[in-house]
Amino acid sequence: MELIPWRDLQDVKVRWLVEDILPAASFAGIYGRPGSYKSFVALSLAACIASGRDAFGKAVEPGPVIYVAGEGGAGLKRRRDAILRHMDLPDDLPIFFVKSQLNLRSSLEDYDALCSAIDATGVQPVLVIFDTFARIFAGGEENSAKDVGETIVILGAIQERYQTAVAIIHHAGKDESKGMRGSSALLGAVDTELECIKLSPEDSEDRIGKLTVTKQKDGEDGLIFGYRMETVQLSDIDPAASSLAVEPMTEDEMSKVGIGPKSAKPKKARLTAGSKKALALLQNVISESGENGVVPDLSRNVRCVRESLWRGKYLSETSLNRDSATKAFNRANQQLWETGTISGFNGYVWISKSCDEPDK
């Protein structure tokens, strides 16, 4: 550990996996409504990274990619074949597929199995894509910050173990302006959020979409990239054998179809006084009764306590009646999870960041 004097502090230059779009070793969310081509966009980004080709006109840092296809596996080969033909790529790209649903929330079994499979091949991925978030969420409640937080912890362990970027493909909520569906803990956790929107009518043969950088922790928000979905014939004798491939649009093409800038999202609110009080109590409980390494690989040896111990301490020290105190604790607990201030797994909780650390 190094103590850096005030005068010597320097910014660390952002290392991009895809310039301006996807930072290296980051946690990203790619989301959109059904039919917004988000899985096609993700697979296209994977192909560009694996091959070293520019993505949406942006330079990439090449390297192996792992694509966990929890849904849509039946058409995966056609999508791959379409990309190979459309981009004229070799068939030995360092992209590796996992065609199964994983439980990366309530158990470490699939986490261990995935890591063992990666380690057995000797692959050092620069990006691991999970398609979709729902397929690794193992029946959790998407509006529960705690359930979402447990999956975030496991994804963070994969990110840390391989020093890789991790990207989830997720669905938009009913109100698309609010971003990814479910608990805001997910938006608080991602470094990068990329929104896919289908712009063309359902019956149009000209399939047009746009990719918007709606959150970039260490870069510029609001960047927009247009794309067309090109039909690629996969057989010279069977006209039904076809799939789609992403074709990025030029700025002139985007202008002609009216693709323009998007307003930035409002910043997240800071912690309430009640949440800060609960956090201060958690710090005291951890100081008095914290345990190290109770969740191997996930807590990174930070001090943890049982959530029930923290809850009990809160209820015993408040002047509120039992019902009001329980509701107050639940509200505080929810916001601490949503803002990423605390994390947890298997009944344990720990502090992830300072309550005053800003979120972009």
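**View 1. Helix H1 lies across the strands of the predicted model.** In this predicted model, helix H1 covers residues 38-51 and lies across strands E3 (27-32), E4, E5, E6 (127-131), E7 (165-171), E8 (192-198), E9 (208-216), E10 (224-233) and E11. Relative to E4, H1 runs at about 160°.

**View 2. Nine strands form an open sheet with mixed pairing.** The strand order is E5-E4-E6-E7-E3-E8-E9-E10-E11. Strand E5 (95-98) and strand E11 (242-248) are the edge strands, each pairing on one side only. From one strand to the next, the twist averages 20°.

**View 3. Strands E4 and E5 run parallel.** Strand E4, residues 65-69, is joined to E5 by 4 bridges. Ile66 has Phe96, in E5, as its bridge partner.

**View 4. Glu247 is located in strand E11.** With a relative accessible area of 31%, Glu247 is partly exposed, because this value falls between the 20% limit for buried residues and the 50% limit for exposed ones. Apart from its neighbours within four places in sequence, the contacts of Glu247 are His86, Tyr227, Arg228 and Glu230. His86 and Glu247 are 161 residues apart along the chain, and their C-alpha atoms are separated by 8.6 Å.

**View 5. The largest nonpolar core comprises 56 residues.** The members that touch the most other members are Phe27, Leu104, Phe130, Leu155, Ile158, Leu186 and Trp310. Helix H4 (residues 145-162) gives the most to this core, contributing 9 residues. A second, separate core contains 47 residues, among them Phe40, Ala47, Phe56 and Ala69.

**View 6. Surroundings of Leu186 in the largest nonpolar core.** When neighbours within four places in sequence are set aside, Leu186 is in contact with Phe27, Phe133, Val148, Ile152, Ile168, His170 and Met180. Phe27 is, like Leu186, listed with the core members that touch the most others.

**View 7. Helices H8 and H9 cross at roughly 135°.** The axes of H8 (residues 307-317) and H9 (residues 322-338) come within 10 Å. H8 is therefore oblique to H9, and the crossing is right-handed. On the H8 side, the contact is made by Glu307, Trp310, Arg311, Tyr314 and Leu315. H9 contributes Arg322, Ala325, Thr326, Ala328, Phe329, Asn330, Asn333 and Leu336 to this contact.

Note on methods: Residues numbered from 1 in each chain as written. Predicted model: local features only at pLDDT ≥ 70, side-chain atom pairs only at ≥ 80, totals over all residues. Heavy atoms only, no water. Core = buried A, V, L, I, M, F, W, Y, C linked by side-chain atoms within 4.5 Å. Buried < 20%, exposed > 50% of the residue type's maximum accessible area, 1.4 Å probe, protein only. Helix = DSSP H or I, 4+ residues; strand = E, 2+ residues; numbered from the N terminus. Contact = heavy atoms within 4.5 Å. Pairing = 2+ DSSP bridges. Axes fitted to C-alpha atoms, helices over the stretch in contact; angles between N-to-C directions. Parallel < 35°, antiparallel > 145°, perpendicular 65-115°, else oblique. Left-handed = near helix turned anticlockwise from the far one by under 90°.
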